[in-house]
Amino acid sequence: MADQTNHNQAGEVAPSTVDKQAPSVAEEQAPSTDSPEATDIPTANAPDPKAANPEDNPNAAKPAAVPPKREKPAAAAKGARGEKPAAAATGEKPAASATGEKPAAAAKAAKKEKAPAVEDKPFVEFIEQDYLPALQKAIAQQGVQNFQVSFAKQKVPITGFESAEECWQIIGSWSEIGKRQFNLYFPEEDIQGKKGFSCNEGKKPSTLESFLIDERRITLDLLVFGLVQRLDGQKWLGRN
């Protein structure tokens, strides 16, 4: 026995205690084979983690969460109140007007609308506010001084018209040379209707003549020009 012991000591190396313990330690640390456990090691039969259903395959990759879109402050406020966003925010075209016209066309049509003409005013209002001031200015530009003009409803001061009804008249007068007076008559109380004219120099007028009967439409300028032209033909303007 002594020789055998010596032989082992001389020619063989005694096994380490680590080697003796290795099998038992490996067995203790080895995973149990009772239940399957998923690993990250790919196999030929393993499904694609991206294509597999996460509920069936625990190795399937979950889709990345998409962050919610942020609403603009104005749109969010309107959404909270239950209002619809503006057409520009929703991409909708602006609605047409109630008349069926587009907003741009309606605005353009509104710009084209002209203000009512002065000739469309009520007769008395037109004469007092527009015609008399324009007539006085035009006669003054002809060099006439001390010109007076009035507007009244009265009888026609012409022989033979005593029984006629009263009518609106423009009466103008001045006294540079003798005593001059003219009357412009509006029997229909309408500048577009019949009109008459008479004039005299210190005597009662004897003739009633028509005034601007060939014009289709009477305007303020035409009514002023016609009377100035008639008075100039009577030699009552300027140096006459």
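Here's a quick briefing on the sheet in this structure, the helix across it and the pocket beside these topics. Keep in mind that this is a predicted model. The sheet is an open one of 5 strands, in the order 1-2-3-4-5 with antiparallel pairing.

**The sheet**
- Strand 1 (148–154) and strand 5 (209–210) sit at the edges with a single partner strand each, so one side of each has no neighbour in the sheet.
- As a bit of background, strands of a sheet pair through backbone hydrogen bonds, and they can do this parallel or antiparallel.

**Strand 3 and its partners**
- Strand 2 (residues 167–174) and strand 3 (residues 180–186) run antiparallel and are joined by 7 bridges.
- In that pairing, Ser173 stands opposite Gln181 of strand 3.
- Strand 3 also runs antiparallel to strand 4 (residues 196–201), with 6 bridges joining them.
- Here, Leu184 has Phe197 in strand 4 as its bridge partner.
- Strand 3 is largely enclosed by the rest of the structure, because 6 of its 7 residues are buried, meaning under 20% relative accessible area.

**The helix across the sheet**
- Helix 6 (residues 123–140) lies across strand 1, strand 2 and strand 3.
- Relative to strand 1, helix 6 runs at about 155°.

**The largest pocket**
- The largest pocket has a volume of about 330 Å³.
- It is lined by 28 residues, and the closest to its centre are Tyr185, Pro187, Lys194, Lys195 and Gly196.
- Strand 2, strand 3 and strand 5 each give the lining at least two residues.
- Sorted by class, that lining has 14 nonpolar, 10 charged and 4 polar residues.

Definitions and conventions:
Residues numbered from 1 in each chain as written. Predicted model: local features only at pLDDT ≥ 70, side-chain atom pairs only at ≥ 80, totals over all residues. Heavy atoms only, no water. Pairing = 2+ DSSP bridges. Helix = DSSP H or I, 4+ residues; strand = E, 2+ residues; numbered from the N terminus. Contact = heavy atoms within 4.5 Å. Axes fitted to C-alpha atoms, helices over the stretch in contact; angles between N-to-C directions. 1 Å grid on protein atoms, 1.4 Å probe; cavity = no way out; pocket = protein on both sides within 12 Å on 5 of 7 lines; lining within 4 Å. Points joined across faces, edges and corners; volume = space filled by probe spheres on them. Nonpolar A, V, L, I, M, F, W, Y, C, P; charged D, E, K, R; others polar. Buried < 20%, exposed > 50% of the residue type's maximum accessible area, 1.4 Å probe, protein only.
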